[in-house]
Amino acid sequence: MLQNERQEEILKILKQNRSATVRALAQKLYVSDATVRRDLMEMQNLGLLKRSHGGAVLLENADEISIFVRMNENADEKERTATNALKYLPNDFETVFLDSSSTVLALAQRMDLSQKTVVTNGLQTAAQLARVRGIRLILTGGNVSPTGTSVRGSWTNTQLREFRFDLALVSCAAFDEEGAFETSLEQREIKRAVFRRAKRKILLADHTKYGSGAPYLLCGIDEFDKAVFDELPPPALQFFLKLRNVHAK
């Protein structure tokens with residue numbers, strides 16, 4: 001089992017039980033105690049968990065996991081979603097908001113953003129796009145999330161209300177016929193602030209998020225101009241989107 005796969009399994013175990021011992025994790029993963037300890041140390045540095053005597057405890061905010069881990073989760077699905085989205089992007093936008101999701105980052109890395117104004121609350125997104133010439137890049141201020149993936153809070157929301165966006169590209173933690181959902185109330189509020197100032201909104205989500213469950217309703221799917229997936233959504237959702245004139249792929 002590769003390191004990324006082990007760490008994903010450790011997260012799953014901790015989400016189920018909230019805590020686990022090194023010995024129990026080693027037995028479930030069929031690796032040595034020393035290997036588990038190294039994984040736990042790295043995951044603690046990423047803000048995913050807290051080491052305890054003889055084991056680890058899941059952090060309360062671990063649902064908003066590090067983007068470095070999220071980029072490796074369902075990587076093929078994210079790549080297909082980003083590739084599909086390229087076909088549906090408008091050409092006549094000047095200012096775009098990019099959320100802090102790994103799926104939107106995958107798309108941003110494929111887009112021609114030269115001479116565009118790009119606003120983001122994603123730290124890794126800003127770091128990646130800062131290397132590209134010709135982009136007018138703005139990183140919002142605010143409180144850095146404990147996992148180091150994004151900037152958020154009331155100050156962030158206040159700043160976002162000062163922009164006018166031609167386009168907003170966002171992902172979500174879960175979606176179904178009822179709408180798009182987030183695991184973080186703060187991320188929900190950031191996107192709601194953006195939506196009030198955006199002419200067009202596009203949702204990007206891979207099929208693994210369908211019906212996966214998250215507590216905070218972001219918005220109804222029909223609030224998006226387009227909804228882009230890595231594969232066609234279930235028939236019930238396809239029918240729902242068609243009724244509401246939302247283009248889906």
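The model is predicted, so local features need pLDDT of at least 70 and side-chain atom pairs count only at pLDDT 80 or more, while totals for chains, interfaces and linings use all residues. Residues are numbered from 1 along each chain as its sequence is written, and side-chain values use heavy atoms, with hydrogens and water left out. Helices (H or I, at least four residues) and strands (E, at least two) are DSSP runs, numbered from the N terminus.

- Three strands form an open sheet in the order 1-3-2, with antiparallel pairing; two strands pair if DSSP finds at least two bridges between them.
- Strand 1 (19–21) and strand 2 (49–52) are the edge strands, each pairing on one side only.
- From one strand to the next, the twist averages 20°.
- Three bridges link strand 1 and strand 3 (residues 55–58) in the antiparallel sense.
- Thr21 has Gly55 of strand 3 as its bridge partner.

**Helices on the sheet**

- Helix 2 (residues 22–29) lies across strand 1 and strand 3, at about 80° to strand 1; axes are lines fitted to C-alpha atoms, for helices over the stretch in contact, and angles run from 0 to 180 degrees between N-to-C directions.
- Helix 3 (residues 33–45) lies across strand 2 and strand 3, at about 135° to strand 2.
- The axes of helix 2 and helix 3 are 9 Å apart and meet at an angle of about 110°.
- Helix 2 is therefore roughly perpendicular to helix 3 (65 to 115 degrees).
- Val22, Arg23, Leu25 and Ala26 of helix 2 make the contact with Asp33, Val36, Arg37 and Leu40 of helix 3, where contact means heavy atoms within 4.5 Å.
- By class, this contact of helix 2 with helix 3 has five nonpolar, no polar and three charged residues.

**Parallel strand pair**

- Strand 4 (residues 95–98) runs parallel to strand 5 (residues 117–120), joined by four bridges.
- Thr95 has Thr117 of strand 5 as its bridge partner.
- Strand 4 is covered on both faces, with Thr95 and Phe97 buried on one side and Val96 and Leu98 buried on the other; buried means under 20% relative accessible area (1.4 Å probe, protein chains only).
- In a regular strand the side chains alternate between the two faces of the sheet.

**Helix 9**

- In helix 9 (residues 185–195), the buried residues are Gln187, Ile190, Lys191, Arg192, Ala193, Val194 and Phe195.
- At the start of helix 9, a side-chain oxygen of Ser184 comes within 3.3 Å of the backbone nitrogen of Glu186.

Conventions: Buried means under 20% relative accessible area, exposed over 50%, partly exposed in between (1.4 Å probe, protein chains only). A polar contact is a pair of N or O atoms within 3.5 Å; within protein, one must be able to donate a hydrogen and the other to accept it, and residues adjacent in sequence count only if both atoms are side-chain atoms. Angles under 35 degrees count as roughly parallel, over 145 as roughly antiparallel, 65 to 115 as roughly perpendicular and the rest as oblique. Ala, Val, Leu, Ile, Met, Phe, Trp, Tyr, Cys and Pro count as nonpolar, Asp, Glu, Lys and Arg as charged, and the others, Gly among them, as polar.
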